[in-house]
Amino acid sequence: SSLTMKIGKISSLVFLWMIFIDALLLAQPMKDNQNRTVKVAMIQMKVAGGQLSENLNRADSLVKVAATQGADVAVLPECMDLGWTHPSSLVKATAIPNGEVFSRLSKLARQHNIFICSGLTERDGDKVYNSAVLIDNLGMLLAKHRKINELDIGKPYYSTGDRINVVDTSLGRLGLMICADGDRPTGRDAGARGASAPGECG
């Protein structure tokens, strides 16, 4: 028995068949969820560089569609808030979990009773990270990942993460990675810690 992840496609909201978007969502069933089917909405959306309000509004509407279509998890792109490698990252990045962007996503998860996995541009002191969060349907932060294998083009903007986390949830055991993290030993490390890799998303 295993955790089943169902994926399909609806307009600009995308349920893709287990393929890349920008962050990696890993899943392994917990003992009491051996036969559960989990519906994952892989959302592809336009991310306007530096346009925080526009991007959040777009994500808001697409998560709502995902929830209406019965998704358990909505997955949003890498750096959904400001765009990957956009110069505004250095001045507009926000804190996790006390910043504006996380608070908006937390409220969205509660409002629509859905898990949200999203890429965010994180400010922590004088450092900025290319991060991803997993928020449960109660709006709680379950896991945060900071990209480890950043491409050269991203290094002027983002500091480097240093660990992989997996977490037990009501849906199963989940872990997060971002883009190139999935192509390196990072992914094998997550799998060794109990998260299998049926799909990549972000």
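A salt bridge is taken here as a side-chain nitrogen of Lys or Arg within 4 Å of a carboxyl oxygen of Asp or Glu. In the predicted model, this rule gives a count of 10 salt bridges. One of them joins the side chains of E78 and K147, with N and O 3.1 Å apart.

Because R104 belongs to helix α3 (residues 100–112) and D60 to helix α1 (residues 52–68), the pair ties together parts 44 residues apart in sequence. R104 is partly exposed at 29% relative accessibility, as is D60 at 22%.

D124 and R146 also form a salt bridge, with 2.8 Å between the closest N and O atoms. D124 is in strand β7 (residues 115–124) and R146 in strand β9, 22 residues apart. Through shared partners, salt bridges join E122, D124, K144 and R146 into one network. R146 additionally lies over the face of Y129, 3.9 Å from the ring centre.

One aromatic pair was found in the whole structure. The ring centres of Y157 and Y158 are 6.2 Å apart and the planes are at 50 degrees, so the pair is tilted. Y158 is buried, with a relative accessible area of 5%.

Overall, the protein chain contains four helices and 11 strands, and buried residues make up 52% of its 202 residues.

Notes:
Residues numbered from 1 in each chain as written. Predicted model: local features only at pLDDT ≥ 70, side-chain atom pairs only at ≥ 80, totals over all residues. Heavy atoms only, no water. Helix = DSSP H or I, 4+ residues; strand = E, 2+ residues; numbered from the N terminus. Buried < 20%, exposed > 50% of the residue type's maximum accessible area, 1.4 Å probe, protein only. Phe/Tyr/Trp six-rings, centres within 6.5 Å; stacked < 30°, edge-to-face > 60°. Lys NZ or Arg CZ within 6 Å of the ring centre and 35° of its normal.
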